[in-house]
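This report goes through selected features of one protein chain. Please keep the sequence and the model open while reading.

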Amino acid sequence: MRKPLIAGNWKMHGSLSQAKSLVDGIKQHAAQYADIDILVLPTFVHLYIVHELLKGTAIGLGAQNLYLGAQGAFTGEISAAMLADIGCRYVLIGHSERRTIFHEDVELTAAKFKAAIEARLIPILCIGETREEREQGETNNIIQKQLDPIIHSAGIDAFRHAVIAYEPVWAIGTGLTATPLQAQEAHAYIRQIIMKNNVDIAKTIRILYGGSMKAENAVSLLTQPDIDGGLIGGASLDAASFLKICAAASQEAAALKAH
Ligand code: PEP
């Protein structure tokens with residue numbers, strides 16, 4: 001059984017005091033959901049304080065990006081080794097906002113994925129199609145084009161220590177959500193690609209859904225057989241909303257256990 005993972009991507013939001021109160025709010029109830037993994041991904045400047053505040057809890061910490069190499073003359077960048085050093089376990093790789101706003105191409109995404117693995121961070125590789133690509137029936141092609149080069153460059157074994165997030169670009173921050181069926185089909189396709197490379201990894205890798213997941217739609221998405229959790233943007237900035245999604249995932253984990 002794959003343990004559900006609910007990850008909160010805070011993006012470029014929040015002040016120091018807001019970060020502290022968000023963590024406090026999540027911490028108060030997170031222990032009830034021991035059957036799932038909970039993770040927060042604050043901004044770089046808030047990582048250290050959040051790390052301190054999370055001590056003694058099971059809540060994981062991750063970053064939203066990294067740069068290549070351990071250190072060097074890369075003004076403004078942060079390396080995988082630095083993230084690991086301050087207590088991060090996870091890092092987002094290839095978020096669509098990195099690909100579109102910052103023009104990160106598939107080669108850079110693949111290199112960042114490898115850098116995360118080499119630093120023993122767990123990369124959460126984000127993939128997904130735009131609205132036009134979906135309308136043109138290109139969803140599966142795009143998924144394959146985004147995933148294959150990473151498998152090729154890092155090797156399938158690297159995916160033993162990775163998470164994939166299916167994030168249809170048209171659903172991110174828009175309030176539009178993939179239907180449970182659309183999401184399930186994409187997740188099943190992703191798992192099939194992994195399966196062609198390694199059956200065991202396909203069975204164990206967690207594939208998260210991301211794109212306007214919130215309390216109201218979490219149950220219908222999280223009960224799909226190939227959806228193993230969520231990458232949550234907007235709804236992760238409010239402790240009560242985020243915890244409702246954690247509760248939905250925990251309910252699904254309990255139901256799976258009972259079968
Ligand atoms: C995201 O940023 O990965 C995301 C899914 O955002 P939102 O939940 O706001 O759509």
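How many aromatic pairs does the structure hold? The structure, which is a predicted model, holds three aromatic pairs.

One of the aromatic pairs is formed by Tyr166 and Tyr209. A pair of aromatic rings is described by the distance of the centres and the angle of the planes. For Tyr166 and Tyr209 the centres are 6.4 Å apart and the planes make an angle of 55°, which is a tilted arrangement. The pair links distant parts of the chain: Tyr166 belongs to strand β6 (residues 163-166) and Tyr209 to strand β7 (residues 206-210), 43 residues apart. Both Tyr166 and Tyr209 are buried.

Another aromatic ring, that of Phe102, has a charged residue over its face: Arg98 lies there at 4.0 Å from the ring centre.

Strand β8 (residues 229-232) is covered on both faces. Gly229 and Leu231 are buried on one side, and Gly230 and Ile232 are buried on the other.

Strand β1 (residues 5-9) runs parallel to β8 and is joined to it by four bridges. Here Ile6 stands opposite Gly230. Strand β7 is also parallel to β8, with two bridges joining them. Tyr209, a member of the tilted pair, stands opposite Gly230 in β8. Between β7 and β8 the chain passes through helix α10 (residues 215-222), and this β-α-β crossover is right-handed.

## Nonpolar cores

Which residues have the most contacts inside the largest nonpolar core? They are Leu147 and Phe159, in a core of 69 residues. Helix α11 (residues 239-258) gives the most to this core, with eight residues. Leaving aside residues up to four places away in sequence, Leu147 touches Leu125, Ile127, Phe159, Ile164, Ile190, Ile193 and Ile194.

Asp238 is found in the loop between β8 and α11. Is Asp238 buried or partly exposed? Its relative accessibility is 37%, so Asp238 counts as partly exposed.

Asp238 and Trp10 are 228 residues apart along the chain, while their C-alpha atoms are separated by 10.0 Å.

Technical notes:
Residues are numbered from 1 along each chain as its sequence is written. This is a predicted model: local features need pLDDT of at least 70, side-chain atom pairs count only at pLDDT 80 or more; totals for chains, interfaces and linings use all residues. Side-chain values use heavy atoms; hydrogens and water are left out. Rings of Phe, Tyr and Trp (its six-membered ring) pair if their centres lie within 6.5 Å; planes under 30 degrees apart count as stacked, over 60 as edge-to-face and the rest as tilted. Buried means under 20% relative accessible area, exposed over 50%, partly exposed in between (1.4 Å probe, protein chains only). A charge sits over a ring if NZ of Lys or CZ of Arg is within 6 Å of the ring centre and within 35 degrees of the ring normal. Two strands pair if DSSP finds at least two bridges between them. A crossover is right-handed if, with the strands pointing away from the viewer, the path from the first strand over the helix to the second runs clockwise. A nonpolar core is a set of buried Ala, Val, Leu, Ile, Met, Phe, Trp, Tyr and Cys residues joined through side-chain atoms within 4.5 Å. Contact means heavy atoms within 4.5 Å.
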